[in-house]
Amino acid sequence: MWAHNLWAPAQYRDRVGNLDVPRSHTQEVDGEAVRAGAWMPVQRVEELSALDMRWS
């Protein structure tokens, strides 16, 4: 599921040129609407960083 949902912001970035995805934005991935803006909130990044996620 993670990999499937990851395609939503990747497609958005390829189309728009950045990852400033509006919270209400949905992106179609394999015929399914993925709420890209709700899926990748800053909170998740902060939570992963708190677990010592290595961002390279």
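Me: In which element is E28 found, and is it buried or exposed?
Reply: In this predicted model, E28 is found in strand β1. Its relative accessible area is 57%, and since the cut-off for the exposed class is over 50%, E28 in strand β1 is therefore classed as exposed.

Me: Which residues does E28 touch, not counting residues up to four places away in sequence, and how far apart in space are E28 and W7, C-alpha to C-alpha?
Reply: Once residues up to four places away in sequence are set aside, E28 touches Q11 and A33. W7 is 21 residues from E28 in sequence, and the distance between the two in space, taken from C-alpha to C-alpha, is 9.1 Å.

Me: Where is Q27 placed, and is it buried or exposed?
Reply: Q27 has its place in strand β1, which covers residues 27-29. Its relative accessible area is 11%, and because the buried class takes values under 20%, Q27 counts as buried.

Me: In which helix does N5 lie, and is it buried or exposed?
Reply: N5 lies in helix α1. Its relative accessibility is 11%, and because values under 20% fall in the buried class, N5 is counted as buried.

Me: What phi does D30 have, and where is D30 found?
Reply: D30 is not a glycine, yet its phi is positive, at about 50 degrees. With a relative accessible area of 73%, D30 is exposed. The place where D30 is found is the loop between β1 and β2.

Me: Where is D52 placed, and is it buried or exposed?
Reply: D52 is a residue other than glycine with a positive phi, near 65 degrees, and its place is in the segment after α3. Its relative accessibility is 65%, and because the exposed class begins over 50%, D52 counts as exposed.

Me: How much space lies in the largest pocket, and which residues lie nearest its centre?
Reply: The largest pocket holds about 290 Å³ of space. Its lining is made up of 13 residues, and those nearest the centre are W2, L6, W39, M40 and V45.

Me: Which element gives the largest share of the lining of the largest pocket?
Reply: Both α1 (2-16) and α3 supply at least two residues each to the lining of the largest pocket. By class, the lining residues divide into eleven nonpolar, no polar and two charged. The largest share, five residues, comes from α1.

Me: In which helix is V45 found, and what is the distance between the C-alpha atoms of V45 and W55?
Reply: V45 is found in helix α3, and it is partly exposed, with a relative accessible area of 42%. W55 is ten residues from V45 along the chain, and their C-alpha atoms are separated by 9.9 Å.

Me: What pattern does the protein chain follow along the sequence?
Reply: The protein chain has three helices and two strands, and buried residues make up 25% of its 56 residues. Read along the sequence, the elements follow the pattern α-β-β-α-α.

Me: Which elements of the protein chain have the lowest and the highest mean pLDDT?
Reply: For the protein chain, pLDDT averages 87, and 100% of the residues score at least 70. Among the elements, the lowest mean, 82, belongs to helix α3 (residues 42-50), and the highest, 94, belongs to strand β2 (residues 32-34).

Note on methods: Residues are numbered from 1 along each chain as its sequence is written. This is a predicted model: local features need pLDDT of at least 70, side-chain atom pairs count only at pLDDT 80 or more; totals for chains, interfaces and linings use all residues. Side-chain values use heavy atoms; hydrogens and water are left out. Helices (H or I, at least four residues) and strands (E, at least two) are DSSP runs, numbered from the N terminus. Buried means under 20% relative accessible area, exposed over 50%, partly exposed in between (1.4 Å probe, protein chains only). pLDDT is the predictor's confidence in each residue, from 0 to 100. On a 1 Å grid over the protein atoms alone, a cavity is a set of points where a 1.4 Å probe fits but cannot get out, and a pocket is an open set with protein on both sides within 12 Å along at least five of seven lines; lining residues have an atom within 4 Å of a point. Grid points are joined across faces, edges and corners, and a volume is the space filled by probe spheres set on the points. Ala, Val, Leu, Ile, Met, Phe, Trp, Tyr, Cys and Pro count as nonpolar, Asp, Glu, Lys and Arg as charged, and the others, Gly among them, as polar. Contact means heavy atoms within 4.5 Å.
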